[in-house]
Amino acid sequence: MELSNITLTKRKKISFCKRLLVSPRFYFGCVVFQVFILAIFVTKKNTNNGDVMLVIKERKIQEEIFNNTVENCLLFNTSEPQPKIECPIISPYLIGHKKPDISDEFSWEDTLQKYSSVRCGGHFRPSNCKARQKVALLIPFRNRYVHLKIFINHIHPFLMRQQLEYGIYIIDLDDEIQFNRGLLLNVAFLEASKEYDYDCYIFHDVDLLPENDYNFYRCSDLPRHMSVAVDKHNYKLPYVELFGGVSAMTKDQILFVNGFSNKYSGWGGEDDDMYNRLEFYHMTVFRSMEDISRYTMLKHAQSPPNPNRFKLKSTGMKRLRQDGVKNLKYKIMKRTDYPLFTYMKITL
Ligand code: NGS
């Protein structure tokens with residue numbers, strides 16, 4: 001009885017295998033599986049190729065935009081006479097909302113030609129009126145040449161339309177040292193304020209392009225968070241305490257809170273720490289409306305977050321007076337005035 005049962009099971013198995021081998025569904029399944037494996041392989045290869053292509057592109061654009069030096073621009077002299085009449089509160093050149101052009105396929109020579117009224121080091125002053133504020137744009141930077149090209153081409157006409165007097169500072173850190181946004185912004189503030197008596201300092205990520213020129217790049221009595229609505233976050237503020245991306249403070253406001261912390265190496269947290277500093281001193285953050293403060297973020301790979309950022313944040317207020325813009329030692333490795341921006345590379 002038992003023997004015949006076993007034979008029956010065996011027979012069933014054999015007939016199942018036979019049926020499987022002649023079934024078109026089985027062969028179809030095999031093909032689908034092979035295509036799936038191939039797709040994984042090709043995607044991986046393409047990602048690697050994509051990385052290599054990006055490195056080549058970054059190098060090419062680095063050469064392109066770092067090629068022209070001061071011979072190609074007019075020197076900026078702070079004491080040059082300027083019109084007595086103040087520019088209007090609302091510039092007549094504003095155009096409102098316009099989605100930025102994010103292509104990097106344009107000639108840098110043409111950009112230099114277009115903005116030849118910009119002085120060496122990326123300084124600009126309106127010719128027909130006296131700007132209401134002198135603004136320093138401080139941009140922490142590392143290896144994002146494609147973004148830099150797009151950003152510079154976008155930001156000059158944007159600021160010119162607002163009839164501002166401004167200077168653009170790109171601040172880079174020794175390659176041997178881990179990126180540190182807060183520290184770079186502190187150094188950029190110190191260097192820019194040594195150079196000129198700016199009324200307003202704007203901390204600006206290189207990958208953020210303002211979409212609406214009614215988003216005024218100037219300071220107010222309160223520290224300002226400007227990148228309120230970013231396309232990456234569906235044009236919604238992700239959380240109330242956000243102070244990253246683009247923000248603006250006067251010299252007094254910066255010095256009052258001792259600038260940024262210098263301790264946040266790697267991605268994240270330094271802007272939240274600044275928000276805590278402002279809150280500690282009862283300084284309310286001012287934000288403009290979401291439909292004006294709109295930004296397009298250029299695409300890039302996410303940098304590795306700093307694993308210590310939450311711990312640093314929770315102990316930040318204890319260090320406030322010893323950790324900031326007034327407690328910073330650095331050396332300038334390189335400083336060049338390019339026609340459309342000032343570039344500095346520092347070490348510690
Ligand atoms: C928070 C980060 C901030 C950062 C913000 C937005 O989580 O530094 O995201 O980043 N805080 C911490 O990590 C503690 S964004 O999505 O815009 O790249 O600014």
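Which pocket is the space taken by the ligand? In this predicted model, the ligand takes up the space of the largest pocket. The views below let you explore this pocket and then one buried lysine.

**View 1. The residues around the ligand.**
Take a walk around the ligand and you will meet Lys232, His233, Tyr239, Leu242, Trp267, Gly268, Gly269, Asp271, Asp272, Arg309 and Phe310. Sorted by class, this shell has four charged, four nonpolar and three polar residues. Helix 7, spanning 270–280, supplies at least two residues of the shell, and so does helix 8, spanning 309–319.

In the side chain of Arg309, an N or O atom is 2.6 Å from an oxygen atom of the ligand. Gly269 takes part through its backbone, where an N or O atom lies 2.8 Å from a ligand oxygen. The side chain of Lys232 has an N or O atom 3.1 Å from an oxygen atom of the ligand. On its own, the ligand has 450 Å² of accessible area, and the protein covers 78% of it.

Let us now turn to a lysine in helix 4, the helix made of residues 145–161. Is Lys149 buried or exposed? Lys149 counts as buried because its relative accessibility is 2%, and the cut-off for buried is under 20%. Its side chain has a partner: the side chains of Lys149 and Glu64 make a polar contact at 3.2 Å.

Conventions. Residues numbered from 1 in each chain as written. Predicted model: local features only at pLDDT ≥ 70, side-chain atom pairs only at ≥ 80, totals over all residues. Heavy atoms only, no water. Near = heavy atom within 4 Å. Polar contact = N/O pair within 3.5 Å; in protein donor to acceptor, adjacent residues only side chain to side chain. Areas by Shrake-Rupley, 256 points an atom, 1.4 Å probe, with all protein chains shown as cover. 1 Å grid on protein atoms, 1.4 Å probe; cavity = no way out; pocket = protein on both sides within 12 Å on 5 of 7 lines; lining within 4 Å. Sits in = over half its atoms within 2 Å of the grid points. Helix = DSSP H or I, 4+ residues; strand = E, 2+ residues; numbered from the N terminus. Nonpolar A, V, L, I, M, F, W, Y, C, P; charged D, E, K, R; others polar. Buried < 20%, exposed > 50% of the residue type's maximum accessible area, 1.4 Å probe, protein only.
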